[in-house]
Amino acid sequence: MEELICQGCGVSIQTTDPDRAGYTPKAAAEKETVLCQRCFRLKHYNDIQDVSMTDDDFLKMISQIRDQEGLVVHLVDIFDVDGTMIESLPRIVGNKKVILAANKMDLLPKSTNHNKLTKWLRTAAKEAGISVEAVYLISSVKGHGMSGLTEAIEEYRNGKDVYIVGMTNVGKSTFINKLIQKTTGTKDAITTSYFPGTTLGFIEIPLDDDTALIDTPGIVNRKQMAHYVSDHDLKLITPKKEIKPRVYQLNNQQTLYFGGLARLDFVKGERQSFVCYFSNELAIHRTKLKNADNLLNEHRGGLLSPPGHDTLEKIPELTERTFRLQHEKTDIVFPGLGWVTVPEGGITVKAHSPKGVQVSLRKSFI
Ligand SMILES: Nc1nc2c(ncn2[C@@H]2O[C@H](COP(=O)(O)OP(=O)(O)OP(=O)(O)O)[C@@H](O)[C@H]2O)c(=O)[nH]1
Ligand SMILES: [Mg+2]
(Lines give C-alpha, C1' and ligand atoms only; values in the text may rest on other atoms or scores of the structure.)
(Ligands and ions follow the chains in the order given, each with its own letter.)
Protein backbone atom coordinates (compact mmCIF):
# COMPACT_ATOMS: atom_id res chain seq x y z
CA MET A 1 0.00 0.00 0.00
CA GLU A 2 1.24 3.48 -0.82
CA GLU A 3 2.21 5.63 2.16
CA LEU A 4 -0.51 8.14 3.03
CA ILE A 5 0.56 11.66 3.98
CA CYS A 6 -1.58 14.14 5.89
CA GLN A 7 -2.36 17.02 3.54
CA GLY A 8 -2.35 19.47 6.42
CA CYS A 9 1.01 18.78 8.08
CA GLY A 10 2.86 16.18 5.99
CA VAL A 11 2.95 13.49 8.69
CA SER A 12 2.66 9.80 7.71
CA ILE A 13 -0.87 8.64 8.36
CA GLN A 14 -1.45 5.65 10.68
CA THR A 15 -4.74 4.24 11.92
CA THR A 16 -3.60 2.15 14.89
CA ASP A 17 -2.29 4.33 17.73
CA PRO A 18 -4.31 7.46 18.74
CA ASP A 19 -1.42 8.68 20.90
CA ARG A 20 1.13 8.71 18.12
CA ALA A 21 1.55 11.44 15.47
CA GLY A 22 -0.36 10.87 12.26
CA TYR A 23 -3.31 9.04 13.81
CA THR A 24 -6.49 9.13 11.73
CA PRO A 25 -9.60 6.99 12.28
CA LYS A 26 -9.91 4.36 9.52
CA ALA A 27 -12.99 5.91 7.94
CA ALA A 28 -11.30 9.31 7.67
CA ALA A 29 -8.16 7.77 6.16
CA GLU A 30 -10.21 6.46 3.24
CA LYS A 31 -11.49 9.89 2.23
CA GLU A 32 -10.12 11.69 -0.78
CA THR A 33 -8.49 14.44 1.29
CA VAL A 34 -6.75 12.89 4.26
CA LEU A 35 -6.22 15.00 7.36
CA CYS A 36 -4.69 13.61 10.56
CA GLN A 37 -6.65 14.01 13.77
CA ARG A 38 -4.24 16.68 15.06
CA CYS A 39 -4.77 18.86 11.96
CA PHE A 40 -8.51 18.27 12.17
CA ARG A 41 -8.60 19.50 15.76
CA LEU A 42 -6.35 22.46 15.01
CA LYS A 43 -8.50 23.48 12.10
CA HIS A 44 -11.86 23.11 13.79
CA TYR A 45 -11.17 23.74 17.48
CA ASN A 46 -7.83 25.61 17.38
CA ASP A 47 -6.61 23.04 19.85
CA ILE A 48 -3.05 21.71 19.62
CA GLN A 49 -2.13 18.13 20.46
CA ASP A 50 1.45 17.53 21.53
CA VAL A 51 3.51 15.18 19.42
CA SER A 52 6.35 13.05 20.62
CA MET A 53 8.91 14.38 18.17
CA THR A 54 12.20 15.74 19.50
CA ASP A 55 14.02 18.81 18.23
CA ASP A 56 16.52 16.42 16.75
CA ASP A 57 13.83 14.55 14.82
CA PHE A 58 12.87 17.84 13.16
CA LEU A 59 16.48 18.70 12.34
CA LYS A 60 17.13 15.24 10.89
CA MET A 61 14.13 15.60 8.62
CA ILE A 62 15.33 18.94 7.25
CA SER A 63 18.81 17.51 6.75
CA GLN A 64 17.38 15.11 4.16
CA ILE A 65 17.34 18.08 1.81
CA ARG A 66 21.13 18.06 1.76
CA ASP A 67 21.30 15.32 -0.85
CA GLN A 68 18.60 16.79 -3.09
CA GLU A 69 18.97 19.35 -5.82
CA GLY A 70 16.98 22.54 -5.70
CA LEU A 71 16.60 26.10 -4.50
CA VAL A 72 16.19 27.03 -0.83
CA VAL A 73 13.93 29.89 0.20
CA HIS A 74 14.93 30.73 3.76
CA LEU A 75 12.02 32.42 5.51
CA VAL A 76 12.71 34.47 8.63
CA ASP A 77 10.27 36.33 10.89
CA ILE A 78 10.96 40.07 10.67
CA PHE A 79 9.65 40.43 14.23
CA ASP A 80 12.29 37.97 15.46
CA VAL A 81 15.19 37.97 13.01
CA ASP A 82 17.70 37.11 15.71
CA GLY A 83 15.70 34.06 16.77
CA THR A 84 14.85 32.84 13.28
CA MET A 85 17.94 33.33 11.09
CA ILE A 86 19.43 29.83 10.83
CA GLU A 87 23.15 29.89 11.68
CA SER A 88 25.23 28.05 9.07
CA LEU A 89 22.20 27.08 7.01
CA PRO A 90 24.35 25.42 4.29
CA ARG A 91 25.56 22.87 6.83
CA ILE A 92 21.97 21.70 7.25
CA VAL A 93 20.58 21.96 3.72
CA GLY A 94 23.77 21.60 1.68
CA ASN A 95 25.28 24.06 -0.73
CA LYS A 96 22.31 25.37 -2.61
CA LYS A 97 21.28 28.75 -3.88
CA VAL A 98 19.42 30.60 -1.13
CA ILE A 99 16.85 33.37 -1.37
CA LEU A 100 16.19 35.13 1.93
CA ALA A 101 12.59 36.22 2.52
CA ALA A 102 11.67 38.24 5.60
CA ASN A 103 8.04 37.52 6.40
CA LYS A 104 5.41 39.34 8.53
CA MET A 105 6.34 42.77 7.17
CA ASP A 106 2.75 43.85 7.93
CA LEU A 107 3.86 44.08 11.59
CA LEU A 108 6.45 46.82 11.03
CA PRO A 109 5.47 50.49 10.87
CA LYS A 110 4.49 51.50 7.32
CA SER A 111 7.22 54.15 7.37
CA THR A 112 9.95 51.47 7.54
CA ASN A 113 12.71 52.09 5.00
CA HIS A 114 12.76 48.96 2.82
CA ASN A 115 16.12 49.60 1.18
CA LYS A 116 17.86 50.00 4.49
CA LEU A 117 16.15 46.94 5.92
CA THR A 118 17.09 44.82 2.89
CA LYS A 119 20.74 45.81 3.27
CA TRP A 120 20.59 45.12 7.00
CA LEU A 121 19.21 41.63 6.33
CA ARG A 122 21.86 40.85 3.76
CA THR A 123 24.57 41.69 6.32
CA ALA A 124 22.78 39.70 9.04
CA ALA A 125 22.62 36.68 6.72
CA LYS A 126 26.32 36.99 5.91
CA GLU A 127 27.18 37.13 9.59
CA ALA A 128 25.14 33.95 10.07
CA GLY A 129 27.21 32.23 7.38
CA ILE A 130 24.61 32.34 4.63
CA SER A 131 25.36 33.83 1.25
CA VAL A 132 22.10 34.85 -0.37
CA GLU A 133 21.20 35.46 -4.01
CA ALA A 134 18.50 37.98 -3.15
CA VAL A 135 16.50 39.40 -0.25
CA TYR A 136 12.72 39.93 -0.29
CA LEU A 137 10.41 41.59 2.20
CA ILE A 138 6.98 39.96 2.27
CA SER A 139 3.77 39.49 4.18
CA SER A 140 2.24 36.07 3.61
CA VAL A 141 -0.94 37.06 5.38
CA LYS A 142 -1.51 40.22 3.34
CA GLY A 143 0.18 38.98 0.18
CA HIS A 144 2.63 41.91 0.01
CA GLY A 145 5.84 41.36 -1.94
CA MET A 146 4.77 37.92 -3.11
CA SER A 147 4.94 38.50 -6.85
CA GLY A 148 8.54 39.76 -6.71
CA LEU A 149 9.52 36.73 -4.68
CA THR A 150 7.74 34.23 -6.94
CA GLU A 151 9.44 35.73 -9.99
CA ALA A 152 12.82 35.38 -8.27
CA ILE A 153 12.03 31.78 -7.33
CA GLU A 154 11.24 31.01 -10.97
CA GLU A 155 14.48 32.67 -12.06
CA TYR A 156 16.79 30.98 -9.54
CA ARG A 157 15.28 27.52 -9.33
CA ASN A 158 16.56 26.59 -12.75
CA GLY A 159 13.79 24.08 -13.36
CA LYS A 160 14.45 22.34 -10.00
CA ASP A 161 12.48 21.84 -6.77
CA VAL A 162 12.04 24.67 -4.26
CA TYR A 163 12.34 24.08 -0.50
CA ILE A 164 10.76 26.55 1.91
CA VAL A 165 12.97 26.35 5.00
CA GLY A 166 12.93 28.16 8.34
CA MET A 167 12.62 28.01 12.09
CA THR A 168 9.19 27.06 13.46
CA ASN A 169 6.44 29.67 13.25
CA VAL A 170 8.03 32.00 10.70
CA GLY A 171 5.04 31.49 8.37
CA LYS A 172 6.29 28.90 5.85
CA SER A 173 2.93 27.16 5.54
CA THR A 174 1.03 30.46 5.48
CA PHE A 175 3.29 31.59 2.63
CA ILE A 176 2.57 28.44 0.61
CA ASN A 177 -1.15 28.74 1.32
CA LYS A 178 -1.10 32.24 -0.11
CA LEU A 179 0.63 30.99 -3.26
CA ILE A 180 -1.91 28.18 -3.62
CA GLN A 181 -4.75 30.64 -3.10
CA LYS A 182 -3.34 32.92 -5.80
CA THR A 183 -3.01 30.14 -8.35
CA THR A 184 -6.02 27.90 -7.61
CA GLY A 185 -8.30 29.99 -5.41
CA THR A 186 -8.24 27.34 -2.65
CA LYS A 187 -7.87 28.87 0.82
CA ASP A 188 -5.95 27.42 3.80
CA ALA A 189 -4.85 24.24 2.03
CA ILE A 190 -2.12 23.48 4.58
CA THR A 191 -2.49 23.60 8.38
CA THR A 192 -1.04 26.70 10.04
CA SER A 193 -1.19 27.85 13.66
CA TYR A 194 0.39 30.22 16.09
CA PHE A 195 1.92 27.25 17.95
CA PRO A 196 5.49 26.39 16.95
CA GLY A 197 5.93 22.95 15.39
CA THR A 198 2.78 22.70 13.29
CA THR A 199 4.16 21.11 10.12
CA LEU A 200 5.49 17.59 10.77
CA GLY A 201 6.71 16.42 7.36
CA PHE A 202 7.38 17.48 3.78
CA ILE A 203 4.37 18.66 1.77
CA GLU A 204 4.86 18.82 -1.97
CA ILE A 205 2.94 21.30 -4.10
CA PRO A 206 3.53 20.47 -7.78
CA LEU A 207 5.00 23.30 -9.88
CA ASP A 208 4.95 21.30 -13.11
CA ASP A 209 5.12 17.62 -14.14
CA ASP A 210 8.54 17.04 -12.58
CA THR A 211 9.13 19.59 -9.85
CA ALA A 212 7.49 20.86 -6.71
CA LEU A 213 7.46 23.57 -4.09
CA ILE A 214 8.01 21.86 -0.74
CA ASP A 215 6.82 22.94 2.70
CA THR A 216 9.12 21.65 5.43
CA PRO A 217 8.84 21.28 9.21
CA GLY A 218 10.35 24.17 11.16
CA ILE A 219 13.65 23.92 12.99
CA VAL A 220 13.16 24.36 16.73
CA ASN A 221 14.97 27.20 18.48
CA ARG A 222 14.68 26.71 22.25
CA LYS A 223 15.85 30.28 22.80
CA GLN A 224 12.50 31.55 21.56
CA MET A 225 10.08 33.00 24.07
CA ALA A 226 7.31 30.88 22.49
CA HIS A 227 8.67 27.78 24.23
CA TYR A 228 8.40 29.28 27.70
CA VAL A 229 4.95 30.86 27.75
CA SER A 230 1.46 29.37 27.84
CA ASP A 231 -0.76 29.21 24.76
CA HIS A 232 -2.81 32.09 26.12
CA ASP A 233 0.25 34.28 26.73
CA LEU A 234 1.72 33.37 23.36
CA LYS A 235 -1.40 34.75 21.70
CA LEU A 236 -1.03 37.98 23.62
CA ILE A 237 2.68 38.60 22.98
CA THR A 238 2.43 37.74 19.27
CA PRO A 239 1.62 40.94 17.40
CA LYS A 240 -1.24 40.63 14.95
CA LYS A 241 -1.31 44.15 13.55
CA GLU A 242 1.13 46.89 12.66
CA ILE A 243 3.14 47.66 15.77
CA LYS A 244 2.61 51.14 17.16
CA PRO A 245 5.96 52.14 18.66
CA ARG A 246 5.56 53.39 22.24
CA VAL A 247 8.03 56.09 23.25
CA TYR A 248 9.17 56.69 26.84
CA GLN A 249 11.36 59.61 27.91
CA LEU A 250 13.40 58.13 30.74
CA ASN A 251 15.83 59.47 33.30
CA ASN A 252 18.48 57.13 34.58
CA GLN A 253 17.37 55.03 37.56
CA GLN A 254 14.06 54.30 35.83
CA THR A 255 12.79 50.89 34.72
CA LEU A 256 10.39 49.61 32.08
CA TYR A 257 8.50 46.33 32.54
CA PHE A 258 7.19 44.49 29.51
CA GLY A 259 4.32 42.66 31.16
CA GLY A 260 6.14 40.55 33.73
CA LEU A 261 8.19 38.79 31.06
CA ALA A 262 11.07 41.20 30.62
CA ARG A 263 12.47 44.39 32.08
CA LEU A 264 14.88 47.15 31.11
CA ASP A 265 16.72 49.27 33.70
CA PHE A 266 18.23 52.59 32.62
CA VAL A 267 21.30 52.55 34.87
CA LYS A 268 23.53 55.40 33.72
CA GLY A 269 23.43 58.24 31.19
CA GLU A 270 21.58 61.38 30.11
CA ARG A 271 17.79 61.51 29.86
CA GLN A 272 16.62 60.16 26.51
CA SER A 273 13.89 58.39 24.61
CA PHE A 274 13.33 54.64 24.54
CA VAL A 275 11.23 53.50 21.58
CA CYS A 276 9.45 50.22 22.32
CA TYR A 277 8.35 47.78 19.59
CA PHE A 278 6.14 45.12 21.17
CA SER A 279 2.71 43.65 20.54
CA ASN A 280 0.24 46.52 21.03
CA GLU A 281 -1.56 44.34 23.56
CA LEU A 282 1.47 43.90 25.82
CA ALA A 283 1.28 46.35 28.74
CA ILE A 284 4.42 48.39 29.44
CA HIS A 285 4.91 49.82 32.95
CA ARG A 286 7.36 52.50 33.98
CA THR A 287 8.70 52.59 37.54
CA LYS A 288 11.65 53.77 39.60
CA LEU A 289 14.56 51.37 39.53
CA LYS A 290 14.65 51.26 43.30
CA ASN A 291 11.02 50.05 43.42
CA ALA A 292 11.32 47.65 40.50
CA ASP A 293 12.10 44.44 42.41
CA ASN A 294 9.23 45.01 44.81
CA LEU A 295 6.82 45.71 42.00
CA LEU A 296 7.68 42.41 40.36
CA ASN A 297 7.42 40.43 43.57
CA GLU A 298 4.04 41.89 44.40
CA HIS A 299 2.42 42.16 40.99
CA ARG A 300 3.83 39.46 38.73
CA GLY A 301 0.89 37.57 37.29
CA GLY A 302 -1.44 40.48 38.14
CA LEU A 303 -0.64 44.02 37.04
CA LEU A 304 2.56 42.67 35.49
CA SER A 305 1.19 40.03 33.15
CA PRO A 306 1.73 37.99 31.05
CA PRO A 307 2.65 35.61 32.54
CA GLY A 308 -0.92 35.14 33.76
CA HIS A 309 -1.44 34.11 37.36
CA ASP A 310 -1.93 30.47 36.44
CA THR A 311 1.18 30.23 34.29
CA LEU A 312 3.75 31.88 36.57
CA GLU A 313 5.34 28.54 37.33
CA LYS A 314 6.07 27.81 33.69
CA ILE A 315 8.35 30.82 33.18
CA PRO A 316 12.00 30.60 34.21
CA GLU A 317 13.38 33.24 36.60
CA LEU A 318 14.45 36.54 35.06
CA THR A 319 18.20 36.84 34.61
CA GLU A 320 19.99 40.10 33.93
CA ARG A 321 22.67 41.29 31.59
CA THR A 322 24.35 44.70 31.55
CA PHE A 323 25.04 46.49 28.28
CA ARG A 324 26.94 49.65 27.55
CA LEU A 325 25.49 51.15 24.37
CA GLN A 326 28.34 52.73 22.46
CA HIS A 327 26.72 53.67 19.21
CA GLU A 328 23.76 55.62 18.01
CA LYS A 329 20.50 53.85 17.28
CA THR A 330 20.90 50.50 18.94
CA ASP A 331 18.13 47.93 19.37
CA ILE A 332 18.00 46.00 22.62
CA VAL A 333 16.35 42.77 21.49
CA PHE A 334 14.18 40.51 23.64
CA PRO A 335 13.90 37.60 21.17
CA GLY A 336 10.30 36.80 20.27
CA LEU A 337 8.94 39.53 22.51
CA GLY A 338 10.13 42.71 20.81
CA TRP A 339 12.84 45.33 21.05
CA VAL A 340 13.67 48.78 22.36
CA THR A 341 15.46 51.29 20.15
CA VAL A 342 17.74 53.75 21.91
CA PRO A 343 18.48 56.62 19.51
CA GLU A 344 21.63 57.90 21.25
CA GLY A 345 24.61 55.97 22.55
CA GLY A 346 26.72 56.44 25.66
CA ILE A 347 24.37 54.89 28.23
CA THR A 348 24.34 51.79 30.43
CA VAL A 349 21.28 49.57 30.69
CA LYS A 350 20.48 46.30 32.40
CA ALA A 351 18.15 43.96 30.52
CA HIS A 352 16.23 41.17 32.27
CA SER A 353 14.70 38.22 30.45
CA PRO A 354 13.60 34.66 31.34
CA LYS A 355 16.60 32.37 31.68
CA GLY A 356 17.20 30.75 28.28
CA VAL A 357 15.87 33.68 26.26
CA GLN A 358 19.00 35.74 25.79
CA VAL A 359 18.84 39.49 25.22
CA SER A 360 21.13 40.86 22.49
CA LEU A 361 22.07 44.14 20.82
CA ARG A 362 21.93 45.02 17.15
CA LYS A 363 22.29 48.06 14.96
CA SER A 364 18.79 49.47 14.69
CA PHE A 365 16.99 48.36 11.54
CA ILE A 366 14.11 50.82 11.43
N1 LIG B 1 1.35 39.09 11.02
C2 LIG B 1 1.68 38.04 10.27
N3 LIG B 1 1.57 36.80 10.76
C4 LIG B 1 1.91 35.77 9.95
C5 LIG B 1 2.37 35.95 8.62
N6 LIG B 1 2.63 34.74 8.09
C7 LIG B 1 2.34 33.83 9.04
N8 LIG B 1 1.90 34.44 10.18
C9 LIG B 1 1.47 33.80 11.42
O10 LIG B 1 2.55 33.08 11.99
C11 LIG B 1 2.07 31.91 12.65
C12 LIG B 1 2.81 30.70 12.14
O13 LIG B 1 2.45 30.46 10.80
P14 LIG B 1 2.74 29.06 10.08
O15 LIG B 1 2.50 29.26 8.63
O16 LIG B 1 2.03 27.94 10.76
O17 LIG B 1 4.31 28.93 10.35
P18 LIG B 1 5.31 27.76 9.92
O19 LIG B 1 6.61 28.41 9.60
O20 LIG B 1 4.71 26.90 8.87
O21 LIG B 1 5.44 26.98 11.30
P22 LIG B 1 5.87 25.44 11.56
O23 LIG B 1 5.05 24.56 10.69
O24 LIG B 1 5.57 25.28 13.03
O25 LIG B 1 7.33 25.35 11.30
C26 LIG B 1 0.57 31.86 12.39
O27 LIG B 1 -0.08 32.39 13.52
C28 LIG B 1 0.40 32.77 11.18
O29 LIG B 1 -0.88 33.37 11.11
C30 LIG B 1 2.46 37.29 8.12
O31 LIG B 1 2.82 37.58 6.98
N32 LIG B 1 2.10 38.30 8.99
MG1 LIG C 1 4.28 24.94 8.85
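Mentor: **The ligand site**

Asp106, Lys172, Thr174, Gly197 and Thr198 come nearest among the 22 residues around ligand 1, where a residue is near a molecule if one of its heavy atoms lies within 4 Å of it. The model is a predicted one: local features need pLDDT of at least 70, side-chain atom pairs count only at pLDDT 80 or more, and totals for chains, interfaces and linings use all residues. Residues are numbered from 1 along each chain as its sequence is written, chains are lettered from A and ligands numbered from 1 in the order in which they are written, and side-chain values use heavy atoms, with hydrogens and water left out.

By class, the shell around ligand 1 holds 14 polar, 5 nonpolar and 3 charged residues; here Ala, Val, Leu, Ile, Met, Phe, Trp, Tyr, Cys and Pro count as nonpolar, Asp, Glu, Lys and Arg as charged, and the others, Gly among them, as polar. Helix α8, residues 172-184, gives the most to this shell, with 3 residues. Helices (H or I, at least four residues) and strands (E, at least two) are DSSP runs, numbered from the N terminus.

The protein backbone also approaches the ligand. A backbone N or O atom of Gly171 lies 2.9 Å from an oxygen atom of ligand 1. For Gly218, the distance from a polar backbone atom to an oxygen atom of ligand 1 is 3.1 Å, and for Val141 the corresponding value is 3.2 Å. The protein covers 89% of the 660 Å² of accessible area that ligand 1 has on its own, with areas taken from the Shrake-Rupley method with a 1.4 Å probe and, for residues, only the protein chains shown counting as cover.

Ser173 lies in helix α8 and Thr199 in the loop between α8 and β5 (203-206), so the pair ties together parts that are 26 residues apart in sequence. Ser173 counts as buried because its relative accessibility is 7%, and Thr199 counts as buried at 6%. Buried means under 20% relative accessible area, exposed over 50%, and partly exposed in between (1.4 Å probe, protein chains only).

Conventions: Polar contact = N/O pair within 3.5 Å; in protein donor to acceptor, adjacent residues only side chain to side chain.
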